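Me: I'd like to go through this structure with you. Can we start with the inside?

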Amino acid sequence: MSEPTPINNTDQKRYQITVGDHLALLEYMPAGGGNLVFTHTEVPEELEGQGIGSRLVRFALDDAQARNIKIIPMCPFVAGYIKRHPEYRSLVYGYKPQ
């Protein structure tokens, strides 16, 4: 069985992964300049501890990078992911390397 693939559901303004009957999601809002505000990540209890949330965030950040847009990580899960993975810090709107 293949791994579920994350998608960008632009109609609902969220990245999502469907695993069986369960939906994990990362919601966003468009911001000025084509940037995105990541507002909320939700992983059903049945999928917790399987790395689904991290896969979803990584997919969303890679998508933002490929589209050359900046993000504003209002969601604590996304902010924590970026803190643990500094290679994504340059995607954060207003980031200035030290």
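Me: Which residues touch the most other members of the largest nonpolar core?
Reply: Tyr15, Leu26, Phe38, Leu61 and Ile71, out of 23 residues in that core. A nonpolar core is a set of buried Ala, Val, Leu, Ile, Met, Phe, Trp, Tyr and Cys residues joined through side-chain atoms within 4.5 Å. Buried means under 20% relative accessible area, exposed over 50%, partly exposed in between (1.4 Å probe, protein chains only).

Me: What should I know about the model?
Reply: This is a predicted model: local features need pLDDT of at least 70, side-chain atom pairs count only at pLDDT 80 or more, and totals for chains, interfaces and linings use all residues. Residues are numbered from 1 along each chain as its sequence is written, and side-chain values use heavy atoms, with hydrogens and water left out.

Me: Which element gives the largest share of the core?
Reply: Helix 1, with six residues. Helices (H or I, at least four residues) and strands (E, at least two) are DSSP runs, numbered from the N terminus.

Me: What does Leu61 contact, leaving aside neighbours within four places in sequence?
Reply: Phe38, Ile71, Tyr81, Ile82, Tyr88 and Leu91. Contact means heavy atoms within 4.5 Å.

Me: New topic. How many aromatic pairs are there?
Reply: Four, from a search of the whole structure. Rings of Phe, Tyr and Trp (its six-membered ring) pair if their centres lie within 6.5 Å; planes under 30 degrees apart count as stacked, over 60 as edge-to-face and the rest as tilted.

Me: Why is the pair of Tyr15 and Phe38 edge-to-face?
Reply: Because the planes are at 85 degrees; the ring centres are 6.2 Å apart. Tyr15 is in strand 2 and Phe38 in strand 4, 23 residues apart.

Me: Is Tyr15 buried or exposed?
Reply: Buried, at 0% relative accessibility. Tyr15 also pairs edge-to-face with Phe59, 6.0 Å centre to centre, with 75 degrees between the planes. Phe59 sits in helix 1, 44 residues from Tyr15.

Me: And why does Phe59 count as partly exposed?
Reply: Because its relative accessible area is 29%.

Me: Which residues form the aromatic cluster?
Reply: Tyr15, Tyr28, Phe38 and Phe59 form one cluster.

Me: Now the loops. Where is Asn68?
Reply: In the loop between helix 1 and strand 5 (71-73). Phi of Asn68 is near 55 degrees, a positive value in a residue other than glycine. Asn68 counts as exposed because its relative accessibility is 71%.
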